[in-house]
Amino acid sequence: MRKLLLLMIAFLPVIACAQGFQVNLAGQKQIGMGHTGTGLLQDGASIYFNPGAMAMLPENYIQAGMSPLFFKSAFNPSGTNDVYHNADKLATPFSGYAVFGPKSSWWKLGLGVYTPFGGLTNWGNSWEGKYVLESLDLKAIYFQPTLSIKLADFISIGGGFVYNRASVNLTRAIPLADATGADGQAQLTGNGKGYGWNAGVFIKTEAGITIGIDYRSKVNTTINSGNAIFKVPASVQANFPQPNTFTSGIPLPSTTTLGFGFYPSKQWTLALDANLVGWHVYKALAFDYASNTSTLQDTYSPRLYRDAFSVRGGAEYKAADKFAIRAGGGYASAAAPDGYVTPEVPDANRYYLTGGLGYKIANRLDVDISFEFEHLFSRTQTNIESQLAGTFRSDVYIPGLSLSYHW
Amino acid sequence: MNKFKNIFILAAGILSFAACKPEFKTPAPNTGAANFSRYIAVGNSLTAGYADGGLYLEGQQNSYPSIIGKQMQQIGGGAFTQPLFTDAQSNGSGYIKLTGFDANGSPITANVTDKLAIRGFVTIPGFGDVTTYTKYSGDINNYGVPGIKLLNITYAPYGNLNGYYERLLPGAAGTNSTTYLDFVTAKSFTFFSNWLGNNDALGYATSGGVGDVLTDKATFASLYTLLISRLTANNQKGVVATIPDVTAIPYFNTVTPALILATVQKSSPSVQAIYINAKSNNDNSNTTYAARPATANDLIVLTFPTSKIGTLVSTVAGMLPYGLTPYSPIENQYVLDNNEVAITKDFVISYNTTIKAVAASKGIAVNDMYTFLNNIKANGLVVDGVSLSSNYITGGLFSLDGVHLTPRGYAVVANQFIKAINTQYGSNIPLANVASYRSVKFP
């Protein structure tokens, strides 16, 4: 008679994904120079930075690199002295490129595999925001076959088709205590795919300045039939039907880049890039569960991201034939507006400083190492949806290493 | 090869960088105009940590005063000791736990009867049987006594009538003569919280307006003035809380007349109304009652045995189904009818006017739980990603008895006290982490 519907047991929509978490780690030479490269002819990473430049590359390349990412984030709830640290988890963005064309030909073909978006956060199951997020592991791997054509000695164009393979694994606590007082847990895991393209143009001016323009399209990524696993006390399990699946879509935004290269002397290369990332496509995160109950409803969670920009500069100094030193830096604006910052992506305005070394091990083999330090400005927020209030501080440390074989 | 050595050194440098964590500067502890070296809590069952229809160890450990005490310690507050039940008697008075749900989705509960701290029963002449509990003789910061009214604080024999109070007193059952007011002020203290007064209205309300009486408004005012002047006799600072609106708690909002009627109509569609025995007017001194159909403004208590509905009972008009005719209405003690609701509200508002006026006259902080709980009833509350409400079980704030709170509810209350203290005295007691306290346990 005391009829109880377990109505809407505090099941806030599950959040999402990558912002602020655009992972700009697509090539060690470019990282070393502050993520510039759209207006340069460095190596096979042009497939990512500017397919239009590929046909101008003097050689063919096979290269691979990895940039282990240490994401150090901490949260201080408002009005408390508590500090919760994100657990040390190592994300491993990588990139691999192959570029081939006949010597001195007007065309080149290439294939790039890289990870432009992703996130790896683990706040644990005992922190204040556990009902918002415990952990998130999101990976997006882009596969991009590419063709580039030299129209004239001073201009080349190129474009590639993008296939995105994404995976997500998200956990959060459910506020339903069992007989020992322990929380329930939701886990959403799944794979998705999406399609897009990447095109650019590269120009060598008479003044000796090189210019690149690149557009990477948005990639609508859909996760179908992901597993929705709900661990709750047995007496309320019927409210969370098992097995269950979910469908969700994540729009990965477009990026427009204008880049310049300057060559003051034979030893020096200077680069400047400006980016506009079309985050406005990320309006909401919605989850559609295959089996709904009055407790487990489909969710729609506004995100209302806004477009973000970044400016970057970098320099390379060829100290000797075999040896190059690189440095750079940049500034990027936050995509998450006030009131929509969430612990899976504690987004904020940020700057980064980078450095790198290049060394020619053998005639055709380069090894490049890079290091990046990224500092996100402290951001104090009350999330409108969860009312989780506090200050996020994050720093990112990213060493990296790549090998390039060229001929 | 030197280059590789350099690379190695660089890599080592990188890894040591990677060990750095972002740091926060915590504000310097500041007690403001208050002194938290000995904080005492004065109050009733809510203060004691009563939950799920009983007082037991886990509830005590999550009482709002213990949470406040713990947070005060972060800025240099003193030890906070509670009259805890032992581990061997951790279930204290016994309580109810949830064992499941029936086919209708209604909760099924069971009594917890092991590991009790019950010492025995004594018969107090002129009063009746009193359950006594294992004595506690240690230091006390939390003086919460389940059942106590403001009305009782100057009554010398009260220690013989309330087993929870008797437990804290040194004398044998039946021989105590220390008033509650003297007891709590016997040892010096620097800061107090006081949340007395709930039972002066709640006792009347939970018994459907028949088993108890509301404390007279003028008596309440004079006792409250006396209480606060004693608590501030040495210029101690403190915080008081207002009395919640009784209609804001699930005890009165879960079993509704509409729900009973809908259930009856499933088997007997012709039934048009549920009848209650209701007060005929809103004059507290007039005791005329008459049967009438129940409306949404009449509140049925959570403990009403709904199985009685429709059973044949003997009436002046013969055997008739219970609750379904004017001759066999739902009995008075199960119903706080709309007139009784109006009377209770009027008294609670009067009590709260007194509480706020007395606090203002002494410069004491006020935690307005009346307004806070009414806001939750109207709008809910989202904290740390959890939606809380005044609903029974699902709301997360109220325990299985529908009156007292869950640990999470007590944590929310503790934070309201802390905010009121910080605002009044300029201190910076950090807030408690509400997410780390549980709601109702499900099997």
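Through how many residues does a hairpin join β17(A) to β18(A)? The hairpin runs through two residues. The model is predicted; local features require pLDDT of at least 70, side-chain atom pairs count only at pLDDT 80 or more, and totals for chains, interfaces and linings use all residues. Residues are numbered from 1 along each chain as its sequence is written, chains are lettered from A and ligands numbered from 1 in the order in which they are written, and side-chain values use heavy atoms, without hydrogens or water.

Strand β17 of chain A covers residues 308-320, and strand β18 of chain A covers residues 323-332. Helices (H or I, at least four residues) and strands (E, at least two) are DSSP runs, numbered from the N terminus. β17(A) and β18(A) pair in the antiparallel sense over 10 bridges. Pairing requires that DSSP find at least two bridges between two strands. Within this pair, V311(A) faces Y331(A) of β18(A). On β19(A) (residues 350-362), β18(A) also pairs in the antiparallel sense, over 10 bridges. There, G358(A) is the bridge partner of A324(A).

Chain B holds 14 helices and 16 strands. Its C-alpha trace spans about 105 × 60 × 40 Å along the principal axes. Of its 443 residues, 56% are buried. Buried means under 20% relative accessible area, exposed over 50%, and partly exposed in between (1.4 Å probe, protein chains only). Among contacts in chain B with a separation of 6 or more, 70% link residues 24 or more positions apart. A contact means heavy atoms within 4.5 Å. The accessible surface of chain B is about 17,500 Å², with 55% on carbon and sulfur atoms. Accessible areas follow the Shrake-Rupley method with a 1.4 Å probe; for residues, only the protein chains shown count as cover.

Strand β7 of chain B (residues 237-241) has four of its five residues buried, so the strand is largely enclosed by the rest of the structure. β6(B) and β7(B) pair in the parallel sense over four bridges. F191(B) stands opposite K237(B) of β7(B). Three bridges connect β7(B) to the parallel strand β14(B), residues 365-367. In that pair, V239(B) stands opposite A365(B).

Helix α4 of chain B (residues 64-73) is mostly covered, with eight of its 10 residues buried. Among them are Y64(B), I67(B), I68(B) and M72(B). The cover over the buried residues of α4(B) includes β1 (39-43), α2 (45-48), α3 (57-61), β6 (191-195) and α14 of chain B.

The largest nonpolar core contains 181 residues. A nonpolar core is a set of buried Ala, Val, Leu, Ile, Met, Phe, Trp, Tyr and Cys residues joined through side-chain atoms within 4.5 Å. I153(B), Y180(B), F191(B), F252(B), I260(B), F304(B) and I330(B) touch the most other members. Helix α14 of chain B (residues 407-425) gives the most to this core, with 10 residues. Domain 1 (39-90 + 138-161 + 176-252 + 338-436) and domain 2 (257-295 + 299-336) of chain B both contribute residues, so the core lies between them. The domain bounds come from an automatic or database domain assignment. A second, separate core has 11 residues, including V23(A), L69(A), F71(A) and I398(A).

The contact between the chains takes 53 residues from chain B and 54 residues from chain A. Together the chains bury about 4,600 Å², 65% of it on carbon and sulfur atoms. Buried area is the accessible area (1.4 Å probe) that two parts lose on being put together, summed over both. P22(B), F24(B) and F442(B) supply 16% of the area that chain B buries against chain A, more than any other three residues.
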